[in-house]
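Have the viewer open as you read.

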Amino acid sequence: MEAGRPRSFGRALLSRWVSLACRWPAVTVALALIVAALGGWYSAKNLGINTSTTDMISSDAPFRKHTETYRRAFPFTDDQIVIVIDAEGPERADTAAARLADKLRERGDVLSGVEIPSADPYFERYGLLFLKPQALQDLSTRLAGAQAALGLLSADPSLMGLAEMLDLVLGRAGEAAPAELGRLLDGMADTTERVARGEPAHLSWTGLVGGEGMNRLGNRRFVLVQPVLNNASLSRGRPALDAIRAAIGELGHEEAGQGVTARVTGAVALRQTELDTVAAGAWIASALSFVLVSLVLIIGIRSGRMIAAILGTLVIGLLWTSGLAALTVGQLNLISVTFAVMFFGLGDDFGGHLGLRYQEELLEGGPGGTPVRLAAERATLEVGPALTLSTLCATIGFISFVPTDYRGLAEFGIISGLGMLVALFTSVTVMPALLVLFKPGPGARSETRENRVFGNWIDRNSRALVIIGALTTVAAAALLPQARLDANPLNLQDETTEAVSTYRDLARSPDTSPYGVNILAADLDAARATAARLRQLPGVGQVRTVESYIPADQDEKLATIGDLALLLAPSLSSGTGERSTDMTDALRRLRETLAKHQGLPEAARFAATIERVPATPEAAATLDRALTGSLPTLLDRLSTGLEVERPVTLEDLPPSLARRWITPDGRARVEVLPDRDISDSRAMAAFAEPILTIEPTATGAPVIVTGATGIILDSFGEAVALTLGAIIVLLLVVQRSILGTALILAPLVVASIYTLAASVLLGLPFNFANIIVIPLLFGLGVSSSIHMVTRGQDLMGDRVAGSRFGVDLLITSTPRAVLVTALTTSTAFATLAVSHHHGLSSMGILLAVAILATVICALILLPALMIQLERMRR
C-alpha cells in the first residue's frame, strides 16, 4: 500500500487560494452571500417543475416519436379531465351527468369543452340496435307483454297512472304473477320504505322494465372535459380542477343523499396531483433534512460554532446550485426536485471532514494550540485532495446518465454534478473563512478510549470480519435475480388520492381500462385488416375502430324493432301524457288498489309499506317523484328507439364521434383493450409486446411503459459502466496503484450488492426515480473509501516501530468524520421517505440503505481487509 500514496494535485494553487480566503474572511463571506442571494432570486423566478414521466425519456426514442405522431392526429385525446359519475340508477346517472355538464359549460374561462359521450342523440336514437339479437328479442317479449301497462303509464306517468296500471296488471295476474311483476313490486316496496323513513329514494324503471337490454351502460357515466392549461405555471391544471370540484360540490349539495358520486381523474388530474405531491414532499424533505442534518452534526461534532460554519456553507452552496440549475436546465423533474436533499446530504460530508480535521489540527500545536487561521489552512490543505477526488467521483456518478436516453436523470445529473463542484468550491473557500470568523474550539481529542477499543476489536477480529463479509455478500448476491424494475408511473403516486384511486378503479374493468393501445392506420381498410389480426392475440379483450359504433346484424334487429313498434305504437304514439297533479288523491287511489290485490306476497308487502307514508301533499309528492320520476325518461327513450326504420351507416355518425376515430386526411384509429387489469408493468409488457410485433408504431400507456422500461434498463447499464469505468481510471491515475484502487472500490461493490438485496427484502422495486441508487452509490459512497484508504496510506508512510496499523487508523478523526458524514447523508436521504410519492420515498429509503451499507463496509470491512493485507505484506 505504501507505493500507491496519492499525489496532491494543485496543492500550491490550493494553498494560495485558501490563504487568500482566510486573510480576508469577511470579504470572502460577503461576496459569497451576494452571489447566493442572486442565485436564490434567479431560481425563484426561472426554475419550474415538470412531473411528466414521459418527458423524462428522450424525445428521440421511437415510442415517443410514435406517440407524438398519434397526438398530432388526435390532439383532443390528450390532456383531458375525466369525471366518473356513479348513481343508484341509470336515469339518476344521466340526470347528474347532464346537470354537471351544464354547470361546467358556464366556466369557459378555464374549460374549453365539455362532453357526455353516452348522451349523444346518436346513442339515444340507435340504442336498441346496439343490443345483441337475443337480448333485443328478450326485451321485445317483455315489452309486448306489458303493452297495456305501458299505455296507462304513458297516458299518466304519475302515482295515479301507477295505481291504474297496477289495478290492471294485478287483476289479470291473479295469484300466478310473473317474476318480473314480483321484482317490480319489491322494488316499489323498497323505495317506498326509504321514503317513509325520510331517506332520499329513486326507483329505476329502466332496470325493472327493460332489464340489461335497456341498461347496457349500467349506472356509470363519464363527463369528458377539455381544460385550459397554463403550462408556464406549476399549477397548470389547478384552475380547471378547482372549477370542476366546485361544480361537483354544488351538484353534491343538490343531490345530497341521492346516491350520486362524482370522481375526477384523467391525465391532467393525475399530473397535477403528482406535481402537488412531489412539490410538497420535496420541500418538506428539504426542510426536514436540514433540521436532521443539524441534529446529527450537533451530536457528532458538539461545537456550535463549527456547526454554524458547516450549515452556513451548506445554505450558501445550495443557493448557488439552485441558481445554476435555473440557468443551465431551467426545470426540475420528478428526480431532480430532490437536489436540495442531495446537496444537504452530500455537502455536509465536505464540511464534516474539514471541520473535524480542523479540530485535530488545533490540538497538534502543543500546549498553546495551533492558531485558528493556520489550523483552517492546514486542514483544508490536508483534506482538500481527498475532497477533490471525492467530488470528481461523485460528479462522475451524477453525470453518468447524461449520454443516455434517460433525460430525467440527465437533468438531475447536471444539476447535482454542478452542486458537487459548488460544494467543493464553497468548502475550500467559504468554510475556511467562516472558521476564521467564528473561531470554533478544538473539541475533544479524537483519540478517545472508545475509539481505541473499537480499533483493538477490529484489529483482533479482522480475519473473522473478512470471512463474515464474504459470506453475507454471497448470500445477498443470491437475492439479486429477484430485483425488478416497475416503470408504471401510476405506481409511483399516492394511491389514496382521488385521481389515482379512480384511475385504478377504471383499470379493473376491461370495458373502461385506461391501458388501451392505439394504432394509427393509413385508412379505414387498413384499420379493418389490423383489427382482424389483433383480435387473434392472447390477452386482447376488445379491438375497436370507428365501425365499432355501427351496429351489427342490423337487418335481423330492424325486423324485431319493427314488429315491436307496430305493437306498441297505439300505446306510445301520443308520447308522454299529462301527469296528475293531486298526489294526495293519487296516493289514496294507490292504497285502494293494493288493498284489493293482496293475494301476492309482494303486493301485500308493498301495501303494508305504503301505509307508513303520511297522507300529506308533501309526502305524496315525494313518493311520486321517487316511484315515477324516471318513467318519462324510459318512455321517451323507448319511443325514440322504436322509430328506427333503416340500417345505420358511417354517414350517420355524429362528427364529434367520427373525429375521434378518423382524421381529416383519412387516417383511422384502432384501439386495443386488455381482457383484464394490467396495472403491473410486467402485465403491460406481456400485453404490448405481441401488439408491437404486428404494429411497431403502436402507442398508449402499455407501450410507453414497456418502451421506458427498456430505456431505463439500458441507461442503468450504461450509467453503471460509465461511472465504474471512469472512477477506476481516475483512481488509477491518482493512486498509481492497482491495490489502492481495489481497496477503494471493494466496499462499493459489496454495498451495491447489499442495496440490491435490500430492495428485494423491503419489497421496493426500482422505478423511474430510485433507479439512480446504484450509480450514485459508486459516485457518492467512494468518498468514505477514499478518506479511509488515503489516511491509511498516510499512516503507512509515517509508521514507527511497534505501532499497530489498524488501531492507529481508527483512532484518527477520519473514521469519526466518515461516520458523522455518512449519518448526515443517510439521514438527509431518509427524509424523502416522508413523501407520499412512492418514487421519492423509495429513492430516499434505498439511498439511505446504500449509504449506511457503504459506511459499514468502509468502517468495518475495509479496515479489516487493510489489516489482513498489511499482515500478509509483513
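## A nonpolar patch, salt bridges and a bent helix

On the surface, Trp-17, Leu-20, Trp-24, Val-27, Leu-31, Ile-34, Leu-38 and Phe-425 make up a nonpolar patch with about 810 Å² of accessible area together. Two elements each give two or more residues to the patch: α1 (11-23) and α2 (25-46). The largest share, 4 residues, is from α2. This is a predicted model, in which local features need pLDDT of at least 70 and side-chain atom pairs count only at pLDDT 80 or more, while totals for chains, interfaces and linings use all residues. Residues are numbered from 1 along each chain as its sequence is written, and side-chain values use heavy atoms, leaving out hydrogens and water.

Now to the charged pairs: the structure holds 40 salt bridges (a side-chain nitrogen of Lys or Arg within 4 Å of a carboxyl oxygen of Asp or Glu). Here are three of them.

| Pair | Closest N and O atoms |
|---|---|
| Glu-88 and Arg-194 | 3.4 Å |
| Arg-221 and Asp-94 | 2.6 Å |
| Glu-199 and Arg-197 | 3.1 Å |

A network of salt bridges links Glu-88, Asp-186, Asp-190, Glu-193, Arg-194, Arg-197, Glu-199, Arg-605 and Arg-612.

Finally, look at helix α21 (residues 554-572), which spans only 23 Å between its end C-alpha atoms, whereas a straight helix of 19 residues would span 27 Å at 1.5 Å a residue (the expected span is 1.5 Å times one less than the number of residues). In α21, a kink of about 40° lies at Leu-566, shortly before the proline Pro-570 (the bend is the angle between axes fitted to the seven residues ending there and the seven starting there).

Conventions
Patch = residues over 30% accessible without salt bridge, like charges linked within 9 Å, V, L, I, M, F, W, Y side chains within 5 Å. Areas by Shrake-Rupley, 256 points an atom, 1.4 Å probe, with all protein chains shown as cover.
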